[in-house]
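Here is a short briefing on helix packing, strand pairing and salt bridges. Keep the structure open while reading.

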Amino acid sequence: MNLYFKTMVILCCIFTAFNSYAQKPGTTISATGVLVDNTQKPIEGVTVFIQEKTSGIVTGADGKFSLECSTNDILIFKKEGYNTLQKPAVDFLGINVVMTPTLIDAGDNDNVFIPFGIRKKREVSASISTIKGSELPQLPLSTLNNVLSGRLPGLFIKQTGTRPGTDDATFLIRGRSSYNSNQVPLVLVDGVERDFINMDVNEIEGISVLKDAASLSWYGMAGANGVIYVTTKRGSPTDTRITLDVQGGVQTPRDQTRPVNSYNYALLYNQSLQNDGNAPRYDQATLDGYKAGTDLYKYPNNNFVDQFMKTAAPVQRYVVSVSGGNAFVRYYSLLSYYNQDGLYKGANNDKYNANTNYKRYNFRTNLDIHLNKNLDATLDVGGRVENLRYPSSGNGTFLSTIYGTPSNAFPLLNADSSYGGSSLFRNNPLAMLNENGNITDLYRTLLATMNVTQKLDFITKGLSANIFYTYDITSLFTSGFTQAYEIYEFSNSGTSTRFGNKAPLTYRSAGFSGNLRNNEFWAGLDYDRSIGQHDFKLSSRMQRAVSASPNRLDNTRINYANRLSYSFRQRYFADLVASYSGSQSFAPGNRFGWFPAVSAGWIISDENMLKSVKVLDYLKIRGSFGLVGNDGISARRYAYRNYFSRGGSQYTFGTGYNAVSNTTEVELGNPDLTWEKATKASLGFDAKLLKQSVAVSFDYFYEKRKDLLTTALLPNILGQSTVSVNDGIANYKGFETAIGYNKTFGKVNVRLNGNYTYANSNIDAINEEAGLPAYQKQANFQIGGVLQGGSFIRRFLVAEGLFQTQAEIDAAPVQRLSGVVRPGDIRYKDINADGQIDNLDFIMTDYSDVPTSYYGFGTQVSYSNFDISLQFQGVGGRTIQINDLVNSGSQSTGYINQFSKEAWVDVSGGIYPRATLGDRGNNTASSTFWLRDGDYLRLKTAEIGYTFPAGLLKSAKINSCRFYVSGFNLLTFSKLNDLPIDPEIPTSGYGSNYPYITTFAAGLSLNF
Amino acid sequence: MLPFFMTACKKNFLQDGSTTEGNITEEQVWGNDAYARGFLNNAYFTVPSGFDLDGDGAMLASGSDEAVNSNVNSSINIFNNGTWAPVRTINNVYSDMYEGLRKVNLFLIKVPTAVIIPVSELATMTPADTGFDAQIKRLRGEAFFLRAMFHFELVKRYGAVTLATKVFDRNENLNLPRNTYQECVDQVVADCDSAILLLPSWTNTWSTNNRGRATKMAGLALKARMLLYAASPQFNTTNDVSKWQLAANTAKAFIDSNRHSLFNNYVNIFNFGSAQYNSESIFATQALNRNDIEINNAPISYDGAKGRTNPVQEFVDAFEMTNGKAITDPTSNYNPDNPYNLRDPRLAFTVNYNTRIFKSRAVETFVDGNDGLNKNVNATKTGYYMRKFLSEAATWNQVSNTNSRRPWVVLRYAEVLLNYAEALNEVQGPVTDVYKYVNQVRQRSGVAMPVLPAGLTQDQMRTRIQNERRVELCFEGHRFFDVRRWKQGELFLNKPVTGMRIVPIAPGIYTYTRFQVEQRVFSDKNYLFPFSQNDINRQPALIQNTGY
C-alpha cells in the first residue's frame, strides 16, 4: 500500500502548480429565449434568474423570457420536475432552450449521501433512509436526536435523559443482534465520526441512515451497527440567501414526584412499623403537631418539589445563516446561539447562579472552491462552544435531595436562621443552591475538514484523485465557585448538633479535564464514466484514523474501502463493495479482515410489461447481501495479551506504614479474540403511485451476527478473571415500511408520512452455566431486558398477587427471599415445584426495554399562507418496571414515598405490597408484579405557521417571513392508566432524575 | 499534513501491544526486583478483614449470637433468618481466596528465577541472611504462609475444598473435585511447616519497615488453629484424641518459644495507633489509618455514626462478675437493677452499654436517650453498641478528621493460650497446664479476673474455656466458627436473641427489661457454608455441601 502514499505526494505537488482564473469586466446585454420541453412545447412557470441575485422572473404560458444582464452573468432556470439549467447569459439570444424532465427519484432534491459519494435516489440499491434538514422541525431543543424520533423507518430513538444540555437519547438501527454492546451506530458528520446531537438543526442538509451491508461494508469493522450519515449545508450557485431564525419558548416539567406531607408521612411510617410488629415511632402529640402545622420548627412540613422546582423554564435560540456562490466559489456560513435554563427555583444569589443552565454557540463555514477546471477543493470549519452550569453537588444529588428527603426531615431554616438538617439528612436544598457554589463545564469543539479533488482526465476520462483530511479537537474546561455550608439539628431540649463544615465562597480551582484530538485521512481514486448506456462509478479509498487523548495510547484504525457502482439504462443497478479493514484490538496476524457486499436494483416499472399499469408510476426492487464487522467489543485494551499492573493501592508494612510496591496480574487475555461478524441481508422495493402522490417503500431484513463475546465461564478456582471468548451467535429479522403522500388541491397542500418497523431478535448461542435450569437459560430468547437502575433484568419471579391472610401463606410454598412473609407480601409461583421460592424460581423472559416495533406518522398541511404540521411517534412490544419507583427510598426515609399510600394494609388491602422498613427482600425482588406495558404513542411535535404575503415585505427587502408556534412532547398515550410516570423514561422526575419536559415555543423565520 | 503522513507511514500504525498504558508484561515483572516483590506484597490484600462484610459495616458477630446489625436490611441477616442458600450467599470468599492462591502459587514458581536483589530485611542481619538464597527463602516462606491462610479460610467455611497448589491454566480441565477434608488439613499444615522453616522468627525479627509480614510464629499459630479445628467435634466425629494431641503440641510449641506475650492493655491490642505490632498480635492485616470503624459502630449520637454492631443480651450475660462467678450463680451478687456493676472489666472494653463513658460522655441507650432504641433507623436494636476496636481518638464529620491505625488482628497470643488449654483439656482433662493458661488470660493486665476454681471436671472446664473464648475473643470472628466446630449451633443459634429495654425512672435510676429482638434460624446444613450455585454450575465436580 506504499504506492498510495507516493501517489498522494505526487498529487499534492501537481495541485500547487495550477494557476487561477482571470476575468474581464462584462457589458450589458439582453438575454431572451423560449423554454421548451423535449417535444418543443413551451413550459410555463419556470423561474429564471441571474446567479448571485435573488430576484428573478417567471415564464408565462408561452415559455418566453427576457432579462437584462451582463455578459459575465450566468442564468439559472428552475422548475420542479425538470433538471435545473445553468448557462452563461451570452448563450441566450432568442433561441429555444430545452429543459429535460427529471427522471423519477433523480431530481435536484433526490440526492442521497453515501460514503464519499452522492447518488440519486433512483440509483441506490442499498437500504438507505433519508430525511432532509428542511423536513426537521424548528424547535429550541438542546439535542438533535429527539427531532428525528419516529421519522425514519429502521431507526429507533429512545430518549434517555432530559436535563439541560444532556437530554440524550440512544439510537438503534433495525434491531439487536449483539448482546454485548448497546449496538451504538456509527454517527458520521460529513464523512467522519463526529457528534451530531449538539449541532444546530439549520446546519444540516440531510441525514441518511445506512442500514444494510451494501452501504455499511465500506466501513469494514466499524459499520456493523449501522451508520447515521449527516451532511451539512453547502452554498449553492443557484440560490443566494440570508436567513434569520428567532425562537423563544418555555419548558415545563411533567410527571414529577409528589411528596407526601409530614402528617401522612408519619402515619405511613407508623403503619410500616406496625406491619413488622413494632411500636410506632410518632406519638399522637407529634401527629397532631404535623396536622396543626403551627410550629414548623418542631414539626416541619416541607414540599421541596414545590419549593425548589419551577413550573416553567425559558429557552431561546437564534440562528443566522448566509449562503450562496457562483461557478467558482460557494459558501455557507452559520452562527447560532442557544440558551436553555434549568428548573431550579431560588438559585440565583448575588454572587452566582446555581440553577442548571446550558448555553451553546454553533458556527460553521463551508467553502467550495473551483480552483480550475480540473481542481476542486472544499474547506469546512465548524465548531461549537458549550457552557453547562449546575450546582456543586451535581444535578443528581440536588434532585435526589428534593425528591427524596421526607417532608418532616428538618426545617429549611432553624429558628436562629441557621440551615436545618439532621444526622440522617445532611443535604439542605436551600443551602445547596445558595451556599454551596456551582460548576461550569465549558466544552469547546473545533471541526475542520479539507477535501481536494483533482481530475485526472489526462490519464483516462472520468478518473480523479481525492484527498480528505480532518482535524477535530475538543476540550473541557471546568471552573466555578466553591463554598460549603453547615447544618444544625436541634434536639427537643434545645441543644444543637452541627454537621458539615462551613467554608467561604472561593473560585473553584479550574482545570482542563478533557482533551481529545481526532484525525482522519482518506485518500484514493474515483472513476466515473458513462459508455453508451453503461455507467460506471468506481471509488477506492484508504483510511487512516487517529484518536489522541492524554493518558492513553492513540487509538488507530486502518481501512481500505472499494466500491463499484454499475448501471445500465438508468434501469438496472448493481453495486459491489469490499473493504479490507484492520483493528488494533486483535492480535497481530489476526487483525485484518475482508468485508464484501453486493446489491442490485431494478426499476421494473420502466419495463414494457408494467408501462401500461397507469396507477403505478415507479417501482424499483432491490436487495443486498454482505458482511460487516464490529471491533467495538467491550474488552480491555489489547485483550489478546496478558499484562500485569503495578502501582494501584499499595499494602503497608512496618512501623512507618510504608506503602510497598504492588504488582498484580490483570484479567487473562484471549489470544484468539476477534471481531463480531454480521451477515446482513435486505430485500425491498420503492414504489410511486397515483401520479407520484403516493410513495411506498418496504424492506425485509435479516442479520446474523457471529463471534459475539461471551463469558468463558471457567471455574473460580482458576483464580483470575478472563477476557471473554467469541462463542456467541444472535440474529434479528423483521421488516420496515414507509409511506408518503403529497398532493395539492388548489390552495391546499397535504402531505402525510408514516413508517413502521418490526424487528425480532434471537440469541442463538451464548455461554451459560451448565447447571442452570432450562427455564433460566437465555438461548432462544430476545436480546434485551427490562431496564432497572442502568442494568437490564431478564429473569423474573412470576407474581401471583398479594397474600391476603396468614392462612394463605401457611398453605403456600415457603418464600425464602426474606426472613418473614406476612399478609400483604407478594406471592410467587413455585416454578420448579420444590416447595420453596428462591432464586431457582426466576424464569427467563422476553420482556424488554427494546420495543419489537416502532413507528411514526405525521402530516403537513398548508392552506394559503397557513401551515400546520403534526408528528407522532410510538413503540410497541416494550416493557418497563416500577419496582425502583415504588420501592424507592432508603432506611433513612423509611421507604415511604408517594406510592406508599396505595400500599396494602390489613382488611382494606391495597395495590402495592405492605410497607415495611426491614427484611424487604421478598417484595423488592424482580418479579412480574412490577412490570408494566411500556408501549406509548406520543405527539412528538406540532407546529402552526403563518407566512406573511410577499408584497407586504418587499419594502423591507425581506423575501419571506414566517411566524410559527410549535411544541415538543405534547401528548402521550400509554397503557399506564393513571400511574403518574412517563412511559419512555419511567424514572424521570423521580429519584435523581430530571423531570420529563414538554417544550412550547414561538418563532420567526426571516429570509432576505 | 506532513507529521500525519509520518505517523501514517510508521510501520506499527496499529500498535502491537508490546507497550500499553501503565501495564507491563510478565517478563518485565520477574525481571525487576520491585515488581517481583510487589507481586507477593499484593497477595497480602487477600487476607480477609472482618470490619465490613456487607459494604455497610456489618461484622460476622451479627451473623452469630454475639450481636444484631442495626441495618435491618443488611445482607448479614442471611446467616440468621433461614434464607442462607447456594443462590443467596454472604461472605462468599470462594473466588477471592482462589485469586490469592493463584498469586502465591505463581510467585512460588517464578521467584527462584526472578531478579531479586538482596536487601537487609531483618532487625539483626548476619551475612548469611543477606544472600540471594536467604532472600528467596524468606519470600517463599511468606508465600507458603499465605497459601496456608487462604486454604484455611476456605476450609473453615466450606469444609473440604479443591486444593490449589499450582497455577491453573485457562485451557486445562478446571472442573476438579474436592480433596478430602484430611488432605486439606494436611496441606495447610504442610504449608505452615514450610513457612515455619523458612521465615524469620517473629514480628520483631523483621526490620522495622517489614513488620507485618508473615513469621515463623504466625505459621505456628495458624497451624495450631487448623489442628484445633480438625480435632473439634464438627470434623473429628470419632473423637480421635490424637488429633487433640497434635493441636495441643503445636500450641505448646508456640508458647514454649517465648516470643509473644499477653499485652498489658486489652483495648490497644487492636489499636496500632497506640501500640504498633504489640507483643500479643501475631499476625494482622495492614493497619489502615481509618475512622470507618467508628462511623459504622459508634453510638448514633456521636456525629451521626451508624451504630451497626449491637451486642445482644445473651452475650452481655456471658461476662462474669468480678468475683469470677456467672451472673446466674445466686451467690454472684448480680443486681438486675444495676446490671453492669462489678462485671468482668472486659465488658466495658467491648460493649458501649448505657451510662458507659465513651469519648468523655455517657452513652444513652435508654428509651428516648440520644442513642436509645428507635431513636432513628440506625439506633441500637438491643440497647447496646459495640465498643471493641473503637478508638476514642478517632473523629469524623469534623472540619478535619482524626484517623487511627487499626489492622484486623488475625492471630493473637490469647487465642493460642486458649487453643492449648482447650486441646489439652480434651486429651488429659483439667490438668495444671490447662488452669495455668486459662488463668493467664483471665488475669491479664487490666483484667485481673480471679483464677478458675480448683476441682473442675473436664466438662466443667470445657464450658469455662468456651465461655472464656466467647468473652476474650468476642467480635473477632471466632464465635461464629467456634459454635459450629463445637457442634453447638442448635443450642445457641436456633433461638431468639434479646436486648435490654432501659427506661429511666429517676436521674441515674433505670428499669431494665429484657425483650426479644429477633428470631434466629439455624439448621444442620448451616454448620458449613453453601458453595454459591454459580460456582457449582461452573464446577459441577464440586459437590454441594449436604443439606443445601
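How are H6(B) and H7(B) oriented to each other, roughly parallel or roughly antiparallel? This is a predicted model. In it, helix H6 (residues 181-198) of chain B packs against helix H7 (residues 216-231) of chain B at an angle of about 165°. Angles over 145 degrees count as roughly antiparallel, so H6(B) and H7(B) are roughly antiparallel to each other.

**Helix packing in chain B: H6 with H7**

- The axes of H6(B) and H7(B) lie 8 Å apart.
- H6(B) and H7(B) make a left-handed crossing.
- On the H6(B) side, the contact residues include B:Tyr181, B:Val185, B:Val188, B:Val189 and B:Cys192.
- On the H7(B) side, they include B:Leu220, B:Lys223, B:Met226, B:Leu227 and B:Tyr229.
- The residues of this contact of H6(B) with H7(B) comprise 13 nonpolar, 1 polar and 3 charged.

**Helix packing in chain B: H7 with H8**

- H7(B) also packs with helix H8 (residues 241-256) of chain B, at an angle of about 160° and with the axes 8 Å apart.
- H7(B) and H8(B) are therefore roughly antiparallel to each other.
- The crossing of H7(B) past H8(B) is left-handed.
- H7(B) contributes residues including B:Met217, B:Leu220, B:Ala224, B:Leu227 and B:Leu228.
- H8(B) contributes residues including B:Trp244, B:Leu246, B:Ala247, B:Thr250 and B:Phe254.
- The contact of H7(B) with H8(B) divides into 14 nonpolar, 1 polar and 2 charged residues.
- B:Leu220 of H7(B) takes part in the contact with H6(B), and B:Leu220 is also listed in the contact with H8(B).

**Helix packing in chain B: H12 with H13**

- Helix H12 (residues 413-428) of chain B and helix H13 (residues 432-442) of chain B cross at roughly 155°, and their axes come within 9 Å.
- H12(B) and H13(B) are therefore roughly antiparallel to each other.
- Their crossing is left-handed.
- From H12(B), residues including B:Leu417, B:Leu418, B:Tyr420 and B:Leu424 meet residues of H13(B), among them B:Val434, B:Tyr437, B:Val438 and B:Val441.
- The contact of H12(B) with H13(B) has 10 nonpolar, 2 polar and 1 charged residues.

**Four-stranded sheet in chain A**

- Chain A has an open sheet of 4 strands in the order E3-E2-E5-E6, with antiparallel pairing.
- Strand E3 (56-58) and strand E6 (85-88) of chain A each have a single partner strand, so one side of each is left without a neighbour in the sheet.
- Neighbouring strands of this sheet are turned by 20° against each other on average, direction ignored.
- Strand E2 (residues 47-50) and strand E5 (residues 74-78) of chain A pair over 4 bridges.
- A:Val48 is opposite A:Phe77 in E5(A).
- E5(A) and E6(A) run antiparallel and are joined by 4 bridges.
- A:Leu75 is opposite A:Lys87 in E6(A).
- The hairpin of E5(A) and E6(A) has 6 residues between the strands, and A:Gly81 takes a positive phi near 95° there.

**Three-stranded sheet in chain A**

- Another open sheet of chain A has 3 strands, ordered E22-E25-E26, with mixed pairing.
- Strand E22 (419-420) and strand E26 (496-499) of chain A stand at the edges with a single partner strand each, so one side of each lacks a neighbour in the sheet.
- E22(A) and strand E25 (residues 487-490) of chain A run parallel, joined by 2 bridges.
- A:Tyr419 has A:Ile487 in E25(A) as its bridge partner.

**Pairing around E41 in chain A**

- Strand E40 (residues 725-745) and strand E41 (residues 748-765) of chain A pair in the antiparallel sense over 17 bridges.
- A:Lys733 has A:Asn760 in E41(A) as its bridge partner.
- The hairpin of E40(A) and E41(A) has 2 residues between the strands, and A:Gly746 in the turn has a positive phi of about 60°.
- E41(A) also runs antiparallel to strand E50 (residues 853-863) of chain A, over 11 bridges.
- A:Val750 has A:Val861 in E50(A) as its bridge partner.

**Salt bridges**

- Over all chains, the structure holds 85 salt bridges.
- One of these joins A:Arg622 and A:Asp686, with the closest N and O atoms 2.9 Å apart.
- A:Arg622 is in strand E33 (residues 616-630) and A:Asp686 in strand E38 (residues 676-689) of chain A, so that the pair links distant parts of the chain, 64 residues apart.

Terms used:
Residues are numbered from 1 along each chain as its sequence is written. Chains are lettered from A and ligands numbered from 1 in the order in which they are written. This is a predicted model: local features need pLDDT of at least 70, side-chain atom pairs count only at pLDDT 80 or more; totals for chains, interfaces and linings use all residues. Side-chain values use heavy atoms; hydrogens and water are left out. Axes are lines fitted to C-alpha atoms, for helices over the stretch in contact, and angles run from 0 to 180 degrees between N-to-C directions. Angles under 35 degrees count as roughly parallel, over 145 as roughly antiparallel, 65 to 115 as roughly perpendicular and the rest as oblique. A crossing is left-handed if the near helix is turned anticlockwise from the far one by less than a right angle, and right-handed if clockwise. Contact means heavy atoms within 4.5 Å. Ala, Val, Leu, Ile, Met, Phe, Trp, Tyr, Cys and Pro count as nonpolar, Asp, Glu, Lys and Arg as charged, and the others, Gly among them, as polar. Two strands pair if DSSP finds at least two bridges between them. A salt bridge is a side-chain nitrogen of Lys or Arg within 4 Å of a carboxyl oxygen of Asp or Glu.
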